[in-house]
Amino acid sequence: MTDGKQVYKHVVVVIGGGAAGLAVTSALLRAQPDLDIAVVEPSGTHDYQPGWTLVGGGCMHQESTRRPEADVLPQGVIWYQDAAAGFDADNSRLSLASGEVLEYRFLVVAAGLKLDWDRIEGLPETLGHNGVTSNYRYDLAPYTWSLTRGMTRGGKALFTQPAMPIKCAGAAQKAMYLSADYWRQHGLDVQVGFCNQGAAMFGVPAYARALDAVVEDYGIQTHFGHNLVAVDGPARKATFSTEDGQQTLDFDMLHVVPPQSAPDFIRDSALANEAGWLDVDRNTLQHVRHANVYGLGDCTSTPNAKTAAAVRKQFPVVVASLLHELTHGPAPGQYDGYGACPLTVSRNTVMLAEFRYDGEVVSSFPMDPRVPRRFQWWMKKQVFPWMYWNVILQGRDWDKPDHKPYSV
Ligand SMILES: Cc1cc2nc3c(=O)[nH]c(=O)nc-3n(C[C@H](O)[C@H](O)[C@H](O)COP(=O)(O)OP(=O)(O)OC[C@H]3O[C@@H](n4cnc5c(N)ncnc54)[C@H](O)[C@@H]3O)c2cc1C
């Protein structure tokens with residue numbers, strides 16, 4: 001695998017400097033400041049993706065969701081601004097796109113997932129034009145807001161949701177409710193359609209029932225079993241595959257959530273499961289075949305909701321396992337599948353859907369989580385971004401604060 005290339009050795013190598021990779025890296029360095037740890041991350045910027053829903057709804061500034069990667073990487077880490085390209089897990093080696101090779105004692109894979117825009121015919125060329133938008137891109141979220149405000153004469157708006165798994169399963173309907181509430185407040189006659197490849201508003205039945213009532217209240221027309229396959233931007237037509245064949249719907253505004261899959265370099269490797277995701281144990285997050293490999297965040301096979309909220313509960317498990325191996329620290333814990341989806345059901349209320357593996361409903365507050373509340377809107381807008389930058393990315397375990405000093 002080396003082909004005469006330089007091999008760099010590190011105790012821990014982390015693939016990905018997103019939410020999951022940074023949380024693990026920061027937490028390890030807080031526990032062991034002299035740890036030899038490297039992060040492989042090609043991007044020069046880091047995005048607070050959960051903020052894009054609010055940007056698309058005109059409730060957050062786009063710029064506040066992006067920071068230079070160099071500013072969010074913890075001190076003491078070695079940064080390879082490069083992309084992971086292939087594994088040689090039997091020899092604990094990783095090759096990078098530049099051709100360099102990293103050798104590790106432990107590997108943490110946190111490379112996120114791939115947005116498959118080009119699996120929808122005609123979509124890549126029309127995105128950002130002809131009324132076609134998506135909150136899944138930093139540059140396009142403001143276009144969602146501009147289209148929403150631009151429907152001054154009414155019209156037809158479609159919001160699409162692909163097959164699961166995707167990151168933030170609620171993102172399509174969150175965008176829809178923020179726009180629908182705006183149109184209602186301004187008395188605009190916009191016919192709203194929700195085209196979902198799946199058969200229900202949400203994967204957890206208790207929340208799905210509560211969301212049915214929200215959809216009914218807005219008068220939204222649902223089209224279940226509808227999977228977007230083609231977009232003709234100039235003609236403003238969206239084509240869906242359905243059980244009964246193809247159906248084409250007209251639109252003035254189309255918000256698309258793209259199909260999603262595991263990154264190619266994971267999918268094409270021996271570390272993937274059949275579906276292409278990094279094959280880890282759902283509780284320990286340790287690779288099922290390679291004991292010195294861990295994975296967390298959106299790239300793994302665990303059947304939880306792919307969210308930053310899940311990362312918040314996953315990274316302490318991975319960090320405890322690594323510290324147990326490195327320093328014989330306390331026995332590691334287990335990840336219980338926690339995920340959360342702050343559903344922006346209006347422009348000032350949120351239904352904070354929280355759940356664990358197998359659809360178990362949980363709540364961080366002593367209240368019914370299916371009830372939309374104003375204080376949870378405030379959390380989504382103010383508290384969660386603060387927690388993201390200052391708690392999760394700093395590797396602080398919210399449930400077990402350690403109050404140790406840290407470098408900035
Ligand atoms: C519109 C939208 C709304 C969302 N809303 C919410 C929400 O309300 N609540 C919530 O909890 N979550 C939400 N999420 C999901 C959340 O952002 C993700 O689940 C979270 O970022 C996952 O973290 P991650 O580190 O696994 O992936 P990411 O944060 O995406 O990071 C992956 C990193 O890996 C890097 N990478 C990619 N390929 C390679 C490679 N080959 N080598 C090295 N590095 C690589 C990428 O550049 C990236 O920096 C939302 C996401 C979107 C898009």
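These legends walk through close-up views of a predicted model.

**View 1. The shell around the ligand.**
A total of 32 residues surround the ligand. The closest are Ala 20, Glu 41, Lys 174, Asp 298 and Ala 309. Sorted by class, the shell holds 17 nonpolar residues, nine polar ones and six charged ones.

Helix H1, residues 19–31, and helix H9, residues 308–327, each supply at least two residues of the shell around the ligand. Which helix gives the most to this shell? H9 does, with three residues. Both domain 1 (7–113 + 262–342 + 379–392) and domain 2 (116–259) take part, with at least three shell residues drawn from each.

For Asp 298, a backbone N or O atom lies 2.8 Å from an oxygen atom of the ligand. For Lys 380, a polar side-chain atom lies 3.1 Å from an oxygen atom of the ligand. For Ala 111, a backbone N or O atom is found 3.4 Å from an oxygen atom of the ligand. How much of the ligand's surface does the protein bury? The ligand taken alone exposes 1,000 Å², and the protein buries 89% of that.

A search of the whole structure finds 13 aromatic pairs. One of them joins Tyr 177 and Tyr 218, whose rings are stacked, at 5.9 Å centre to centre and with 15° between the planes. Tyr 177 lies in helix H6 (residues 171–185) and Tyr 218 in helix H7 (residues 205–218), so this pair ties together parts that are 41 residues apart in sequence. Are these two residues buried or exposed? Both Tyr 177 and Tyr 218 are buried.

**View 2. An edge-to-face pair of phenylalanines.**
The ring centres of Phe 365 and Phe 375 are 5.2 Å apart and the planes stand at 90°, so the pair is edge-to-face. Phe 365 lies in the loop between strand S22 (360–361) and helix H10 (374–392), while Phe 375 lies in helix H10, so the pair ties together parts that are 10 residues apart in sequence. Phe 365 is partly exposed, with a relative accessible area of 23%. Phe 375 is partly exposed as well, with a relative accessible area of 30%.

**View 3. An aromatic cluster.**
This view gathers three residues: Tyr 48, Tyr 388 and Trp 389 form one aromatic cluster.

**View 4. The loop between S11 and H6.**
Two backbone details share this view. The peptide bond that runs from Met 164 to Pro 165 is cis, with omega near 0°. Pro 165 sits in the loop between strand S11 (155–161) and H6, and Cys 168 is found in the loop between S11 and H6 too. What is the phi of Cys 168? Phi is near 55°, a positive value in a residue other than glycine. Cys 168 has a relative accessible area of 18%, and buried means under 20%, so this residue counts as buried.

**View 5. Asp 358 in its loop.**
The last stop is the loop between strand S21 (351–356) and S22, where Asp 358 lies. Phi of Asp 358 is near 65°, a positive value in a residue other than glycine. Is Asp 358 buried or exposed? Relative accessibility here is 68%, so Asp 358 counts as exposed.

Definitions and conventions. Residues are numbered from 1 along each chain as its sequence is written. This is a predicted model: local features need pLDDT of at least 70, side-chain atom pairs count only at pLDDT 80 or more; totals for chains, interfaces and linings use all residues. Side-chain values use heavy atoms; hydrogens and water are left out. A residue is near a molecule or strand if one of its heavy atoms lies within 4 Å of it. A polar contact is a pair of N or O atoms within 3.5 Å; within protein, one must be able to donate a hydrogen and the other to accept it, and residues adjacent in sequence count only if both atoms are side-chain atoms. Accessible areas come from the Shrake-Rupley method with a 1.4 Å probe; for residues, only the protein chains shown count as cover. Helices (H or I, at least four residues) and strands (E, at least two) are DSSP runs, numbered from the N terminus. Ala, Val, Leu, Ile, Met, Phe, Trp, Tyr, Cys and Pro count as nonpolar, Asp, Glu, Lys and Arg as charged, and the others, Gly among them, as polar. Domain bounds come from an automatic or database domain assignment. Rings of Phe, Tyr and Trp (its six-membered ring) pair if their centres lie within 6.5 Å; planes under 30 degrees apart count as stacked, over 60 as edge-to-face and the rest as tilted. Buried means under 20% relative accessible area, exposed over 50%, partly exposed in between (1.4 Å probe, protein chains only).
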